[in-house]
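Biologist: Before we talk through this chain, could you put its sequence and model on the screen?
Modeller: Here they are.

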Amino acid sequence: MAKDAKPASEGVDAPPAKNSKKLLIIIVVLVLVLGIGGVSAFLLLRHSPEQVDDDGEVAVEKVKPVKKKKVDRNAAPVYIALDAFTVNLVPERGDQFLQLVLSVEVDDPQTGDQLKAYMPKLRNDLTLLLSSKKASDLISTEGKEKLAREIMEKMNGVLDPAGKGKNREGPIRDVLFTSFIIQ
């Protein structure tokens, strides 16, 4: 029996040698992954492109602001159709809804690309604006014209925030209602 007890204790010592090998491999792989991640983060998070001059000084490249081109007022207008808006109006006589489809006249085709980039913010702002209206305010022609001006101001405020002001025209020239249904 004494002989049987001794081999059992030797069998217990063997598995930790395999576990230490696995642990060493895991640590080496983890260090490599963290090192590669650190180098990647450093390369991606650099603030500005830098170049070394002949003197050994570091020259920082400055980004120039993009100047707006002069808009040709005689060019054919560019219209962009927006998706339909369906909102609950402020209740007056039960639940009332507004379904609105509109198109906007923009000053140039590049504004159309900018419009697509800001579309989530624009849709949010316009939905909030439309849902704050009463049906009685929107039924008249004057109410619809006032709504069109408010939509144009909201959109110009998002697309050209530096150009806010009553004397300056924004990238949105006009708002046109293609469908206007109050239920």
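Biologist: Among the contacts in the chain with a separation of 6 or more, what percentage is accounted for by residues 24 or more positions apart?
Modeller: This is a predicted model, and the value refers to contacts in the chain with a separation of 6 or more. Of those contacts, the share that joins residues 24 or more positions apart is 67%.

Biologist: In which order do helices and strands follow one another along the sequence?
Modeller: The chain holds 5 helices and 6 strands. Read along the sequence, their pattern is α-β-β-β-β-β-α-α-α-α-β.

Biologist: Which element gives the most residues to the largest nonpolar core?
Modeller: That core has 25 residues, and Leu102, Val104, Leu115, Leu130, Ile151, Met155 and Ile172 touch the most other members. At least two core residues come from each of β4 (85–88), β5 (97–106), α3 (119–131), α4 (135–138), α5 (141–159) and β6 (172–182). With 6 residues, the element that gives the most is α5.

Biologist: Which residues does isoleucine 172 contact, leaving aside its neighbours within four places in sequence?
Modeller: Ile172 is one of the core residues that touch the most other members. Once the neighbours within four places in sequence are left aside, the residues in contact with isoleucine 172 are Val104, Glu105, Val106, Leu115, Met152, Met155, Asn156 and Leu159.

Biologist: Why do the buried residues of α2 lie on the same side of the helix?
Modeller: Helix α2 spans residues 109–117, and its buried residues are Thr111, Gly112 and Leu115. They lie on the same side of α2 because the arc they cover around the axis is only 110 degrees. An α-helix has 3.6 residues a turn, so residues three or four places apart point the same way.

Biologist: Is aspartate 107 buried or exposed?
Modeller: Aspartate 107 sits in the loop between β5 and α2, and its side chain makes a polar contact of 2.7 Å with the side chain of threonine 111. Its relative accessible area is 12%, and a residue under 20% counts as buried. Aspartate 107 is therefore buried.

Technical notes: Residues numbered from 1 in each chain as written. Predicted model: local features only at pLDDT ≥ 70, side-chain atom pairs only at ≥ 80, totals over all residues. Heavy atoms only, no water. Helix = DSSP H or I, 4+ residues; strand = E, 2+ residues; numbered from the N terminus. Contact = heavy atoms within 4.5 Å. Core = buried A, V, L, I, M, F, W, Y, C linked by side-chain atoms within 4.5 Å. Buried < 20%, exposed > 50% of the residue type's maximum accessible area, 1.4 Å probe, protein only. Arc of directions from axis to C-beta. Polar contact = N/O pair within 3.5 Å; in protein donor to acceptor, adjacent residues only side chain to side chain.
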